[in-house]
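Please read each point with the structure open beside it.

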Amino acid sequence: MILGLKNQTLGKIKSTRFLLFRRNSHSRVRRDAEAEGRKPRDGLFLHKSKGQHLLTNTRILDAIVRSSDVRPTDTVLEIGPGTGNLTMKLLEAAHDVVAVEIDKRMVEILRRRVSDHGFEDKLTIIQKDVLKTDFPEFDLVVANIPYNISSPLVAKLVYGSNTFRSATLLLQKEFSRRLLANPGDSDFNRLAVNVKLVADVDFVMNVSKREFVPPPKVDSSVVRIRPKEVKPGVDVQEWLAFTRTCFGKKNKTLGSMFRQKKKVMELLSLSKAGVMNRKGSHFDSDAEEDEVEDGENHFLCVDSDASMFKERLVGVLISNGFEEKRPSKLAHGELLHLLSLFNQAGIFFHDHITSSLPMDLPE
Ligand SMILES: C[S@@+](CC[C@H](N)C(=O)[O-])C[C@H]1O[C@@H](n2cnc3c(N)ncnc32)[C@H](O)[C@@H]1O
């Protein structure tokens, strides 16, 4: 079996690959591949830059489909179908599949393979960069994704506008480990805190690099991401900017982080912009800059003096018992509480002019 294609389809696919090979014989793809010493796989040069590592083990493909809990009524979104090894299994299990694939050569092979099996009516192919594509409605995501876009892709899924049951993703093992970390774990990090605010993440299984053609340098894991039914009522841009600050320096206490001069100056200017841009918003419709309103939730003022602003910043931490705490040890509830205390004190982390969505999770 080559590229995971079954023998009976191989003959038909082979002619496609041959044509592709000839058409590409003078192309940049071929020149680049040859310069790197890569060999064509049955007439098709696979791009490392597009994460083209094809999963060929049927047992693992079956296990992925089983663990994703596909129902016969489901529309499944597959990202990066490649030559269709996983797609064929999904087409058998689901009502229909929407596959987003960037590489035209893969799309040609996939189309042919799917029509050979009479599944063409069940498959919609979107030939685009998944990060630049609006998704149609879908129930589930099941995909062996290109690892170099893991972070923005997970962000797009969990912070995007689509509602879905779960995303079963084959990811680089190290990335999965970071995604699975919990508050209190030594490696709890910004990726995990941001994803787990809005979704639950479960480990499914490990997959050895030997199961791919060509084998990548690293092992992989399958994880299942399930969006939470009830999302916390927090301004997402403000939250992402807040966690970027909190998790920027490993293992520092909040007190030492927020005392840094650079951080104070940055937050001073963001808070000024934040207050201005929130006028008329739900934060405070009447607040004037430098005007303190001492009511509950109405402490919207920004000191023009950096030292007074720093006092206010650190004051929020001290008076609420956060000064000596480390962000990696805090649960979501505590982090959300701290953010709301800062905002009530007129301290903001995002100017609400620039957009930090949806590509904002760290690698
Ligand atoms: C790891 S391979 C998986 C192939 C196939 N699903 C399998 O398991 O054998 C990743 C696939 O994603 C495609 N891809 C890479 N970057 C992409 C992007 N930005 N948008 C859509 N597809 C992409 C690659 O061309 C490749 O076919």
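**Notes on helix packing, the sheet and the ligand shell**

1. The crossing of α8 and α9 is right-handed, where a crossing counts as right-handed if the near helix is turned clockwise from the far one by less than a right angle, and as left-handed if anticlockwise. Helix α9 spans residues 236–246, and its axis lies 10 Å from that of α8 at an angle of about 155°; axes are lines fitted to C-alpha atoms, for helices over the stretch in contact, and angles run from 0 to 180 degrees between N-to-C directions. The two helices, α8 and α9, are therefore roughly antiparallel to each other, given that angles over 145 degrees count as roughly antiparallel, those under 35 as roughly parallel, those from 65 to 115 as roughly perpendicular and the rest as oblique.

2. In this pair, R190, V193, N194 and L197 of α8 make the contact with W239, L240, T243 and R244 of α9, contact meaning that the C-beta atoms of two residues, placed from the backbone, lie within 7 Å. Four of the contact residues of α8 and α9 are nonpolar, two are polar and two are charged; here Ala, Val, Leu, Ile, Met, Phe, Trp, Tyr, Cys and Pro count as nonpolar, Asp, Glu, Lys and Arg as charged, and the others, Gly among them, as polar.

3. A word on the basis of these points: this is a predicted model, in which local features need pLDDT of at least 70 and side-chain atom pairs count only at pLDDT 80 or more, while totals for chains, interfaces and linings use all residues. Residues are numbered from 1 along each chain as its sequence is written. Helices (H or I, at least four residues) and strands (E, at least two) are DSSP runs, numbered from the N terminus.

4. Helix α8 (residues 190–198) also packs against α6, with axes that come within 9 Å and cross at roughly 20°, and α6 and α8 are therefore roughly parallel to each other. This crossing of α6 past α8 is left-handed, and S151, V154, V158 and Y159 of α6 make the contact with L191, V195 and V198 of α8. The contact of α6 with α8 holds six nonpolar residues, one polar and no charged.

5. How do α3 and α4 lie relative to each other? Helix α3 (residues 58–67) packs with α4 at an angle of about 45°, the axes being 10 Å apart, and the pair is therefore oblique, with a right-handed crossing. From α3, the residues L61, D62, I64 and V65 meet N85, L86, K89, L90 and A93 of α4, and this set divides into six nonpolar, one polar and two charged.

6. The model has an open sheet of seven strands in the order β4-β3-β2-β5-β6-β9-β7, with mixed pairing, two strands being paired if DSSP finds at least two bridges between them. At the edges are β4 (123–126) and β7 (199–207), each of which pairs on one side only, and neighbouring strands are turned by 20° against each other on average, direction ignored. Within the sheet, β2 (residues 75–79) and β5 (residues 140–144) pair in the parallel sense over two bridges, and L77 has V141 in β5 as its bridge partner. Helix α6 (residues 150–159) lies across β2, β5, β6, β7 and β9, and runs at about 170° to β6.

7. Which residues come nearest to the ligand? They are L54, G80, G82, V130 and N144, out of 22 residues around the ligand, a residue being near a molecule if its C-beta atom, placed from the backbone, lies within 6 Å of it. Both β1 (54–55) and α4 (85–93) supply at least two residues each to this shell, which comprises eleven nonpolar, seven polar and four charged residues.

8. Two backbone details deserve a look. The peptide bond from V213 to P214 is cis, with omega near -15°, and P214 sits in the loop between β8 and β9. D69, in the loop between α3 and β2, has a phi near 60°, a positive value in a residue other than glycine.
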